[in-house]
Amino acid sequence: MLNTAIILAGGFGTRLQSVVADVPKPMAPINGEPFLNYQLSYLKHYGIKNIVFSTGYLAEKISEYYKTNVNGLTISYSHESSPLGTGGGIKLAMDKTMDNDVFVLNGDSFFDVDLKEFYNQHLIHQANFSIAIRNVQNANRYGTIELSPYFLKDSSPQLEKDFFKIKSFVEKSESNSRGYINGGIYILNKEQYLKHTKTNSAFSIEKNFFELQCQIQNIGAFFSNGYFIDIGIPEDYLKAQHDFKEFKYR
């Protein structure tokens, strides 16, 4: 099992400004405590020991609150002096990691994925990178993912039940149809990621890395139907206040 997770916590939270304006979006209070607290409890449940916060906007709000240790987790920080996008922020944060494979999570969403099984399938299928995916109604808000069967080496072709190969990414649309979406949890091979990305460059891991690399590398998709929420819009932020009253990773 992996020991380290990078949490992307540098977003401006523009759409959430009407209800939360004085903290970075991942620090938005849910039932009186930061949203990040719930993510940390979840990660600790799965044996993660080291957390790297990738920070930017109002970074001091995060570092002053969590310092270097919380609830048995070791905390470190990777700060963007200027915006690097999700991809550039991850690359900078990898300087703080020791493991060659790391989990990466968006700091403003929660996806209840079995991380042990996710990593197990990643290893079995010898993926270079893997994304946790979910099937949702109204997938147009996120953009969708096209999947193909994952052929294991030295085996007959088979369609895996929970693990697929990503074929392509589809732009957001006006359609309200059901589809597979990127759930915002990744497993990245540090060596391969550093090799295929530019240093000191701002880019999106979704648009400028995954969409290009899926044509030339094995990028796996682990399907989960676990609870998912993105607190980036006021409606879902308010919904989280109710949903997280019965948060199970405590």
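**Exercise 1.** Which residues touch the most other members of the largest nonpolar core?

*Solution.* First, the ground rules: this is a predicted model, where local features need pLDDT of at least 70, side-chain atom pairs count only at pLDDT 80 or more, and totals for chains, interfaces and linings use all residues. Numbering starts from 1 along each chain as its sequence is written, and side-chain values use heavy atoms, with hydrogens and water left out.

Next, the term: a nonpolar core is a set of buried Ala, Val, Leu, Ile, Met, Phe, Trp, Tyr and Cys residues joined through side-chain atoms within 4.5 Å, buried being under 20% relative accessible area (1.4 Å probe, protein chains only). The largest one has 49 residues, and Tyr42, Ile51, Phe53 and Phe103 touch the most other members. Helix 1 supplies the largest share of this core, six residues. Another core, of 24 residues, lies apart from it and includes Leu8 and Phe203.

**Exercise 2.** Work out how helix 1 and helix 2 are oriented to each other.

*Solution.* Helices here are DSSP runs (H or I, at least four residues), and strands are too (E, at least two), numbered from the N terminus. Take axes as lines fitted to C-alpha atoms over the stretch in contact, with angles from 0 to 180 degrees between N-to-C directions. The two axes come within 12 Å and cross at roughly 55°. Angles under 35 degrees count as roughly parallel, over 145 as roughly antiparallel, 65 to 115 as roughly perpendicular and the rest as oblique, so this pair is oblique. Contact (heavy atoms within 4.5 Å) involves Leu36, Asn37 and Leu40 of helix 1 with Ile62, Tyr65 and Tyr66 of helix 2.

How values were computed: Buried means under 20% relative accessible area, exposed over 50%, partly exposed in between (1.4 Å probe, protein chains only).
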